[in-house]
Amino acid sequence: MTERKPPGVSFESFVDRQIRQAAERGEFENLPGYGKPLASLDAPYDELWWIKGKLHREGFAVLPPALALRKEAEDAREAALAARSERQVRDILTAVNEKIRAALLRPPPGPPLGLTEFDVEALLETWRESRESRGTRGDLPAG
């Protein structure tokens, strides 16, 4: 596409020719979303659509740090209760407890944190009880 528009050729026909030639070469076939309808066709117009899309693709969190940590703690609790072994439960809770501990020592900006560290042994007991009620056991012994 570094070719310059020749003098005397209308811009529209020049662009149309470039697109047609690229399509004939198959240059559009491996693009993400090829052959799929545009997701935003029925959505109301938003001037910042591209910024929001970029933030979403990059995994950028819009939540303040305290709320993001609350969400992460909630997700960690659910993941721990769904874990397949006690070792996984301990690993999940230890990782999130380290983040909570750091946030308690140096509170992040925004709303109050409102979190305490997870009691690993209490949550493990809950995990064991839920496994027993379903008739399953942990893969690894406690340790």
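View 1. Not counting residues up to four places away in sequence, Asn97 touches Glu117, Phe118 and Val120, where contact means heavy atoms within 4.5 Å. Asn97 belongs to helix H4; helices here are DSSP runs of H or I with at least four residues, numbered from the N terminus. With a relative accessibility of 4%, Asn97 counts as buried. The scale used throughout calls a residue buried under 20% relative accessible area, exposed over 50% and partly exposed in between, with a 1.4 Å probe and protein chains only. A word on the source: this is a predicted model, in which local features need pLDDT of at least 70, side-chain atom pairs count only at pLDDT 80 or more, and totals for chains, interfaces and linings use all residues. Residues are numbered from 1 along each chain as its sequence is written, and side-chain values use heavy atoms, with hydrogens and water left out.

**View 2. The largest nonpolar core.** In this view we look at the largest nonpolar core, which has 18 residues. Such a core is a set of buried Ala, Val, Leu, Ile, Met, Phe, Trp, Tyr and Cys residues joined through side-chain atoms within 4.5 Å. Val89, Leu93, Ile100 and Phe118 have the most contacts inside it. Helices H3, H4 and H5 each supply at least two residues of this core. As general background, nonpolar side chains tend to be buried together in soluble globular proteins.

**View 3. The surroundings of Ile100.** Which residues is Ile100 in contact with, leaving aside its neighbours within four places in sequence? They are Leu69, Ala73, Leu113, Leu115, Thr116, Glu117 and Phe118. Ile100 is also one of the residues with the most contacts inside the largest nonpolar core.

**View 4. Helix H3 packed against helix H5.** Helix H3 (residues 65-81) and helix H5 (residues 120-133) pack at an angle of about 45°, and their axes are 9 Å apart. The axes are lines fitted to C-alpha atoms, for helices over the stretch in contact, and angles run from 0 to 180 degrees between N-to-C directions. H3 and H5 are therefore oblique to each other: angles under 35 degrees count as roughly parallel, over 145 as roughly antiparallel, 65 to 115 as roughly perpendicular and the rest as oblique. On the H3 side the contact is made by Arg77, Ala80 and Leu81, and on the H5 side by Leu123, Thr126 and Trp127. These residues divide into four nonpolar, one polar and one charged. In that sorting, Ala, Val, Leu, Ile, Met, Phe, Trp, Tyr, Cys and Pro count as nonpolar, Asp, Glu, Lys and Arg as charged, and the others, Gly among them, as polar.

View 5. In one of them, Glu121 and Arg90 meet at 2.9 Å, N to O. This pair links distant parts of the chain, with Glu121 in helix H5 and Arg90 in helix H4 (residues 86-105), 31 residues apart. Buried or exposed, how does Arg90 count? Arg90 counts as buried at 14% relative accessibility, while Glu121 is partly exposed at 42%. Arg101 forms a salt bridge with Glu117, and their closest N and O atoms are 2.9 Å apart. Arg101 lies in helix H4 and Glu117 in the loop between H4 and H5, so the pair ties together parts that are 16 residues apart in sequence. Arg101 is partly exposed at 37% relative accessible area, and Glu117 counts as partly exposed at 34%.

View 6. Glu86, Glu125 and Arg128 are linked in a network of salt bridges. Within it, the side chains of Arg128 and Glu125 meet at 3.4 Å, N to O. Arg128 and Glu125 are about one helical turn apart because they sit three residues from each other in helix H5. Glu125 counts as partly exposed, at 38% relative accessibility.

Note on methods. A salt bridge is a side-chain nitrogen of Lys or Arg within 4 Å of a carboxyl oxygen of Asp or Glu.
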